[in-house]
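This report describes selected features of a single structural model. The sequence and structure are shown first, and the description follows.

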Amino acid sequence: GSLLLAKAGLLEGRKATTHWGALKILKKISPSTQVIKKNKYVFDKYYTSAGVATGIDMSLHIIERVLGKTVAQNTAKYVEYKY
């Protein structure tokens, strides 16, 4: 997802992350993007995550921000994911 956003020019001048194996590619596609290597997910207008499992963490974070911690915890429980 991050690489597609970068290719579309949507990450210019923004912070973002991606899978560790694609960090250099992200920077090559969008040199002005501040690539964050240590975070599971980053929000700077768009959410970006560091992979599939971290995408789940990011999604639960979004649910928590929008609908509250209880809904996020119940969602995690429903999909059998520790949150």
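**Basis of the description**

Helices, of at least four residues, and strands, of at least two, are DSSP runs numbered from the N terminus. The model is predicted.

Thr 33 lies in the loop that links H2 to strand E2 (34-35). Because buried means under 20% relative accessible area, Thr 33, at 0% relative accessibility, counts as buried.

Apart from residues up to four places away in sequence, Thr 33 touches Leu 11, Glu 12, Gly 13, Arg 14, Ala 16 and Lys 27. Its side chain also forms a polar contact of 2.6 Å with that of Ser 30. Thr 33 and Leu 4 are 29 residues apart along the chain, and 13 Å separates their C-alpha atoms.

**Nonpolar core**

The largest nonpolar core has 7 residues: Leu 5, Ala 6, Leu 11, Ala 16, Leu 23, Leu 26 and Val 35. Helix H1 (2-7) and helix H2 (23-29) are the elements that give two or more residues to this core.

Once neighbours within four places in sequence are set aside, Val 35 is in contact with Ala 16, Leu 23, Leu 26 and Lys 27.

**Helix H3**

Helix H3 (residues 52-67) has 16 residues, which at 1.5 Å a residue should span 22 Å; the end C-alpha atoms are 22 Å apart, so the two values agree. Just after H3, Gly 68 adopts a positive phi of about 105°.

Within H3, the residues Thr 54, Gly 55, Asp 57, Met 58 and Leu 60 are buried. The cover over the buried residues of H3 includes strand E3 (41-44), strand E4 (46-49) and helix H4 (69-78).

Key: Residues numbered from 1 in each chain as written. Predicted model: local features only at pLDDT ≥ 70, side-chain atom pairs only at ≥ 80, totals over all residues. Heavy atoms only, no water. Core = buried A, V, L, I, M, F, W, Y, C linked by side-chain atoms within 4.5 Å. Buried < 20%, exposed > 50% of the residue type's maximum accessible area, 1.4 Å probe, protein only. Contact = heavy atoms within 4.5 Å. Expected span 1.5 Å × (residues − 1). Polar contact = N/O pair within 3.5 Å; in protein donor to acceptor, adjacent residues only side chain to side chain.
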